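Welcome to this guided tour. Open your viewer, have the selection tool ready, and follow along one stop at a time.

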Amino acid sequence: MRRWWRWVWAGIWAALRPWDPYRSIKAALQALVLVSVLITTGLVILAIHSATELRVITIFSAIASLLITQIVANGLTAPLREMTAVARAMAGGDYSRRVTRVRRDEVGELAETFNRMAADLAAADRHRKELVANVSHELRTPIAALRAVLENVVDGVSAADPETMRLALQQTERLGKLVSQLLDLSRLDSGATRLDAKRFEVWPYLSAVLKTASLGMGTGGSGSRSRARADVPLHLDVSPPALTAYADGERLHQVVANLVDNAVKHSPPGGRVTVRARSGPAPGSLELDVVDEGPGIPEADRVQVFERFHRGSHPGGDGGTGLGLAIARWAVDLHGGRIEVAESPRGCRIHVTLPGAVAAAP
């Protein structure tokens, strides 16, 4: 009964809004006109009964109407003036200011929307600054290492032997991989990437991806070379063997290659990385798991792990860029799928769901 009464009262309250001068500009203006007419009428009646000259009554009526109009107009336009000041501050780079004079009418709704926009712009500006700082740091590390190797060769400290050249090549490959990942992220931000989804056989496709990964040929579809770990075997489990799915092959390659690369990095010596594929509930859908035997991902990091440049809370870095899982999430999102860190009795299990032909079609 109480819920029904609240529902009725909410309906009545919403229906009265067009007539409430505190929640509607239209009602406020109507009230202003009504009050002005009443004041003028009252003064005219007073003049008739007191023999006051009409011009005096006219002057007093105009002054009273102007005062009331000024008070009402000042209240209506105060948030607009404050929005103008905040917008000018934002144009100068200050995204911390907000509109504080929030009314309950249409101007108040505009002010609330303006505050949300200001918050979004502040977040975007903060993200831009963090991105520039992180990219600068990531680019500086391999460049500094490569410069040190080359300076040693030029100064005669080190000979240009295969081992020295191998160190220089590793830093060059790391730099090329970072640039390729940043290009992927630029396509993510621009929204220019389209899917070319087709039906394919899962076993031969994943087998080729894992073979490429085991040879250390290009993680994430970037075309760069990375050193594969011979002490971490890769295992493929597809059931049924004739399983087919519907997805963009190039984007799915980015997902699997980045997940496998991440799993191999965090695997202990002799640990195994398993890629498991099963059919999803919808036609052409795919359930994909990448499982390793490493330390796993703490529960506090299971959401942030897919953010750009996130390295996790484990002490000691692996030298990665922190972009692989972000690119994997982007590719899965393009398909309309889902990627998450799933529960696992040992190590880490990343679960990917691709929706199939209907939802994945561009």
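Which residues in the largest nonpolar core touch the most other members? Select V202, L206 and L259: of the 38 residues in that core, these three touch the most other members. A nonpolar core here is a set of buried Ala, Val, Leu, Ile, Met, Phe, Trp, Tyr and Cys residues joined through side-chain atoms within 4.5 Å. Buried means under 20% relative accessible area, exposed means over 50%, and partly exposed lies in between, with a 1.4 Å probe and protein chains only. Helix α7 (residues 249–265) gives the most to this core, with seven residues. In soluble globular proteins, nonpolar side chains tend to be buried together.

Before moving on, a word about what you are looking at. This is a predicted model, in which local features need pLDDT of at least 70 and side-chain atom pairs count only at pLDDT 80 or more, while totals for chains, interfaces and linings use all residues. Residues are numbered from 1 along each chain as its sequence is written, and side-chain values use heavy atoms, with hydrogens and water left out.

**The whole chain**

Zoom out and colour by secondary structure: there are nine helices and seven strands. Helices (H or I, at least four residues) and strands (E, at least two) are DSSP runs, numbered from the N terminus. Of the 362 residues of the chain, 35% count as buried.

**Around L259**

Now centre on L259 and show what surrounds this residue. Setting aside neighbours within four places in sequence, L259 is in contact (heavy atoms within 4.5 Å) with V290, L325, A328, I339, I350 and V352. Another core, of seven residues, lies apart from the one you started with; M83, M90, V99 and A111 are among its members.

**Along helix α7**

Select residues 249–265 to see all of α7. At the start of this helix, a side-chain oxygen of D248 comes to within 3.0 Å of the backbone nitrogen of E250. This is a polar contact: a pair of N or O atoms within 3.5 Å where, within protein, one must be able to donate a hydrogen and the other to accept it, and residues adjacent in sequence count only if both atoms are side-chain atoms.

How far apart are the end C-alpha atoms of α7? They are 24 Å apart, which agrees with the 24 Å that its 17 residues should span at 1.5 Å a residue. The expected span is 1.5 Å times one less than the number of residues. Since 12 of the 17 residues are buried, α7 is largely enclosed by the rest of the structure. Those buried residues include R251, Q254, N258 and D261, along with L252 and V255.

Step on to S267, in the loop between α7 and β4 (273–279). S267 is buried, with a relative accessible area of 5%, and its side chain reaches the backbone oxygen of A263 at 2.6 Å.

**The open sheet**

Next, show the strands β2, β4, β5, β7 and β6. In that order they make an open sheet of five strands with mixed pairing. Two strands pair if DSSP finds at least two bridges between them. The edges are β2 (234–239) and β6 (338–342), each pairing on one side only. From one strand to the next, the twist averages 15°.

Axes are lines fitted to C-alpha atoms, for helices over the stretch in contact, and angles run from 0 to 180 degrees between N-to-C directions.

Then find P240, in the loop between β2 and β3 (244–248). The peptide bond from S239 to P240 is cis, with omega near -5°.

**Helix α8 and H335**

Move to α8 (324–334). This helix is mostly covered, with eight of its 11 residues buried, including W330 and I327. Just after α8, G336 takes a positive phi of about 80°.

The H335 side chain reaches the backbone oxygen of A331 at 2.9 Å.

**Last stop: M165**

Finish at M165, in helix α5 (residues 162–190). M165 is partly exposed, with a relative accessible area of 37%. Leaving aside neighbours within four places in sequence, M165 is in contact with V153 and A160.
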